[in-house]
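The following note is intended for a colleague who is new to this structure. It is arranged as numbered points, to be read alongside the sequence and the model.

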Amino acid sequence: MYVAVKGGEAAIDNAHRLLADRRRGDRSVPALTLEQIAGQLALGVDRVMSEGSLYDRRLAALAIKQARGDMIEAIFLLRAYRTTLPRFGHSEPIDTGAMLVERRISACYKDLPGGQLLGPTFDYTHRLLDEELDGDPTIEAGDKRTDPQEPVTRIADILGAEGLIEEDETAFGEPGDITQTPVEFPLSRAMRLQSLSRGDEGFLLALGYSTQRGYARSHPFAGEIRIGEVEVEIFMPELGFAVPVGRVQLTECQMVNQFKGSAKAPPQFTRGYGLVFGQSERKVMAMALCDRALRAEELGEDIVAPAQDQEFVLSHCDNVQATGFVEHLKLPHYVDFQSELGLVRTMRAEHDQVANDVAFEAKEAAE
Amino acid sequence: MNQHHRAANYNFAYLDEQTKRMIRRAILKAIAIPGYQVPFASREMPMPYGWGTGGVQVTASILGPDDVLKVIDQGADDTTNAVSIRKFFERVAGVETTTKTAEASIIQTRHRIPEEAMTEGQVLVYQVPIPEPLRFLEPRETETRKMHALEEYGLMHVKLYEDIARNGHIATTYAYPVKVEGRYVMDPSPIPKFDNPKMHMSEALQLFGAGREKRIYALPPHTEVVSLDFEDHPFEIQKFDKPCALCGAEQVFLDEVILDDRGNRMFVCSDTDHCESRRADGHTGAVVQETI
C-alpha cells in the first residue's frame with residue numbers, strides 16, 4: 001500500500017546528526033584544532049580565504065573543519081558568512097612594491113635588484129613520499145634574514161622605466177564591487193580581476209593551460225612572482241589621511257607577454273596580472289594568463305578561444321555558483337520528469353503506430 | 001500554526017535592510033515592466049545557488065511579521081528543500097507558516113503553481129534557475145538582452161516550428177515560454193506547461209527570483225500571459241487518463257508513483273495540500289476505495 005511521502009523534516013534532522021558524527025570520526029582520536037589546520041594545512045586555508053573573499057585564517061580553518069576538508073564547501077561557508085558583514089568602505093590601493101617579500105622570483109632576469117628569493121616553495125623538491133612525516137619529527141627552523149629589508153622593486157616597474165611594457169592602468173574613483181552590483185557584460189578589467197581572484201583555481205588553471213597549448217596563445221613570461229605581507233590602509237575623511245588597518249599576506253604575479261603592436265600602440269610587452277590572498281602561486285599564474293587572454297578585445301586581437309571569452313570565463317569561474325547549480329540536480333524534479341515522461345510516451349506510441357502502418361502496408365502489398 | 005521564536009542574531013528575515021531595499025526597488029521595477037528581467041545584486045545566501053536563493057531573497061524582502069508563509073517544491077509542502085526553506089524563515093523571521101494555500105499570504109514555490117486559484121492580496125514567489133527564455137537558443141547575455149530590447153523573438157518561433165516539423169509536437173513540456181502583455185517573452189520557471197494557464201489574469205501578484213543569475217521579474221495581478229503557439233498547432237496542456245488515486249481529483253497535475261518492480265504504478269496529486277483537503281472533505285480515489 002502506498003504511503004504518501006512524509007517526514008522530510010525528521011529525515012533532514014537525522015541526516016545532519018549523522019553528518020556531525022562522521023565529521024568527528026573516531027572519538028579516540030583527538031579532534032583537530034583550528035590552530036593545527038591554520039598552521040599545518042596553511043595553503044588549504046589560503047585557498048579558502050582567497051576564493052571565499054575573506055581574509056581571516058581562523059574562520060577559514062573553521063570552515064575547512066566544518067566542511068570535512070571539502071574545499072568548495074568551506075569556501076561556500078566563508079562566503080555565506082562574508083555576505084552578512086557590513087561594507088564600511090574600500091582600502092587605498094595596496095602597494096605591492098613595498099611588500100615584505102618572503103619569496104620573489106623572476107623568469108626574465110638572471111639577477112636583479114632585490115635578488116631571486118626562493119622562500120618556502122615546493123619547487124625543486126623531489127616528490128618522494130616522506131614517511132617521517134607520519135609522526136612528529138624535529139624540524140629545524142628556517143634561516144631568517146637579519147638585515148632590515150629594502151623595498152624590492154617590481155620587475156614591471158623596471159621594464160616600465162624603459163617603456164618596454166605598457167603602463168599600468170590608473171584607477172580613478174571608487175572601484176566597482178562585483179558583490180554589490182549585478183554583473184553586466186562587458187566588464188571593466190578591475191571587475192574582471194575581482195571575479196578571477198575569487199574564481200575557482202582548477203577552472204582558471206585549465207583555462208590558463210589552454211592558452212599555453214595554442215587556444216589564444218599569449219607568449220607569456222613569468223615576469224615576477226612575489227609572496228609577502230603588505231599593509232592595508234584606509235582613507236579617513238575625518239583625519240584627511242590614510243591610516244593602516246593591518247597587514248595581509250598576498251601572492252602577486254606579473255606575467256609579461258609579447259605584443260607585436262597595433263595601429264594604436266607601438267610594439268611592447270603587455271601585462272597579465274594575478275593577485276590573491278595568502279600563498280598560491282598556481283592560482284595567480286593561472287589568473288594572470290586568463291587576465292591577459294581576456295584583454296584580447298582591448299588589444300585588438302581576434303577572439304578565437306574560450307579563455308578570451310568574457311561571458312564564458314566569468315560566468316562560469318565561480319565555484320560556489322557552479323557547485324550549487326550542478327548539485328541542484330539532486331533536488332526533486334518529479335514534476336518536470338513527469339511532463340517529459342508523458343511526451344516520450346506519446347511520441348513512442350505515434351512512432352509504433354507509424355511502424356505498424358508501414359508493416360501492414362508492406363504485408364498487403366506482398367499478398 | 002505555531003508562532004516560532006526568531007533567531008536573535010540575524011536581522012528580521014536574514015537580509016539586512018539595505019539589501020532588502022535594493023531588492024524591493026528591483027521588484028518594483030519588475031512590476032512596472034511585466035516580464036522584463038531586472039538585474040539585481042544578488043547576495044550569497046546560506047543555502048546553495050540553484051536551491052532557491054533567488055526566491056528566498058524575494059520572499060525575505062517582502063516578508064512582514066504578520067505574513068503567513070507557505071513553501072512548496074514539486075507542489076508538496078514536505079519535500080526536503082521546501083522543509084528546509086520553511087525552517088529557514090521560521091528561524092530567521094519567526095513568521096507563521098502554513099501548508100494551506102488559502103491561508104498563506106506568501107507562497108514560495110519551485111516547479112508548480114497550486115491547484116487552488118490564488119486570490120487578490122496573495123503573492124506567489126517562484127524560484128528560477130535560468131530566467132532567460134532565449135538562453136538555450138543564444139547563450140550570450142549581451143545578445144539576448146538585445147533581442148528582448150528589439151522584440152526579436154523569431155528564433156524562439158523557429159525553434160517551436162522545428163519541434164513540430166521533427167516530432168509533430170512542440171517538445172517543451174515544462175518551462176514553456178510565454179508572452180507577457182504582448183511584449184516580453186518570459187520563462188515561467190520550470191513549472192509544467194499544465195500550470196501556464198494559471199498565470200494568465202491571476203488575481204495574485206507573481207514574483208520570480210533567480211539568485212545565481214541575478215535577475216528578478218514579475219507579473220502584476222490581472223496580467224495577460226499567453227503561451228507561445230501557432231494557429232494550426234494551438235497550445236495544449238497535459239492530460240491524465242485517470243483521476244488522482246487518493247482523492248479522485250480530475251484536471252489536476254499528477255505525480256506517477258511506482259508501486260513495485262512489476263510495472264504497477266499509480267497517479268496521485270502533485271499538490272499535496274489540495275489532495276489532503278479534498279480527502280478531508282470526503283473525496284476518495286480508486287486506491288482508497290479498494291482498501292475500505
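1. Helix α11 of chain A spans residues 319-327, and its buried residues are Asn319(A), Val320(A), Gln321(A) and Gly324(A). The cover over these buried residues of α11(A) includes α3 (42-51) and α5 (71-82) of chain A. The whole description rests on a predicted model, and the confidence scores are therefore set out next, under the definition of pLDDT as the predictor's confidence in each residue.

2. Confidence. The model has an ipTM of 0.87 and a pTM of 0.91. Chain A has a mean pLDDT of 91, with 97% of its residues at 70 or more. An exception to be noted is the stretch of residues 1-5 of chain A, where the pLDDT is below 50. Beyond near neighbours in sequence, that stretch makes 5 contacts in the model. For chain B the average pLDDT is 93, and 96% of the residues score at least 70.

3. Helices α4 and α5 of chain A. The axis of α4(A), residues 57-66, comes within 8 Å of the axis of α5(A), and the two cross at roughly 130°. That angle makes α4(A) oblique to α5(A), and the crossing is right-handed. On the side of α4(A), the contact is formed by Leu59(A), Ala60(A), Ala63(A), Ile64(A) and Gln66(A). On the side of α5(A), Ala74(A), Leu77(A), Leu78(A) and Tyr81(A) take part. By class, this contact comprises 8 nonpolar residues, 1 polar residue and no charged residues.

4. The loop between α4 and α5 of chain A. Arg68(A) is located in this loop. Its phi is near 60°, which is a positive value in a residue other than glycine. Most residues other than glycine have a negative phi. Is Arg68(A) buried, partly exposed or exposed? Arg68(A) has 13 other C-beta atoms within 10 Å and is therefore partly exposed.

5. A cis peptide bond in chain A. The bond from Phe185(A) to Pro186(A) is cis, with omega near -5°. Most peptide bonds are trans. Pro186(A) is placed in the loop between α6 (155-161) and α7 (189-197) of chain A.

6. Helix α2 of chain B. Why is helix α2 of chain B, residues 53-62, described as largely enclosed by the rest of the structure? The reason is that 9 of its 10 residues are buried. These are Thr53(B), Gly54(B), Gly55(B), Val56(B), Gln57(B), Val58(B), Thr59(B), Ala60(B) and Ser61(B). The elements that cover them include the helices α1 (17-32) and α3 of chain B. The strands β4 (106-110), β5 (123-127), β8 (205-210) and β9 (215-219) of chain B are also among the covering elements.

7. Val92(B) lies in helix α3 of chain B and is buried, with 21 other C-beta atoms within 10 Å. The C-alpha atoms of Val92(B) and Val178(B) are separated by 35 Å, and these residues are 86 apart along the chain. His222(B) is placed in the loop between β9 and β10 (225-227) of chain B. Although His222(B) is not a glycine, it has a positive phi of about 60°. With 11 C-beta neighbours inside 10 Å, His222(B) counts as exposed.

8. The contact between the chains. Chain B contributes 45 residues to the contact and chain A contributes 38. On the side of chain B that touches chain A, the elements giving two or more residues are α3 (80-93), α4 (141-149), β11 (254-258) and α8 (286-291) of chain B. Of these, α3(B) gives the most, with 4 residues. By class, the residues on this side of chain B are 18 nonpolar, 16 polar and 11 charged.

Methods
Residues numbered from 1 in each chain as written. Chains lettered and ligands numbered in written order. Predicted model: local features only at pLDDT ≥ 70, side-chain atom pairs only at ≥ 80, totals over all residues. Buried ≥ 20, exposed ≤ 12 C-beta atoms within 10 Å, placed from the backbone. Contact = placed C-beta atoms within 7 Å. Nonpolar A, V, L, I, M, F, W, Y, C, P; charged D, E, K, R; others polar. pLDDT = per-residue confidence, 0-100. Axes fitted to C-alpha atoms, helices over the stretch in contact; angles between N-to-C directions. Parallel < 35°, antiparallel > 145°, perpendicular 65-115°, else oblique. Left-handed = near helix turned anticlockwise from the far one by under 90°.
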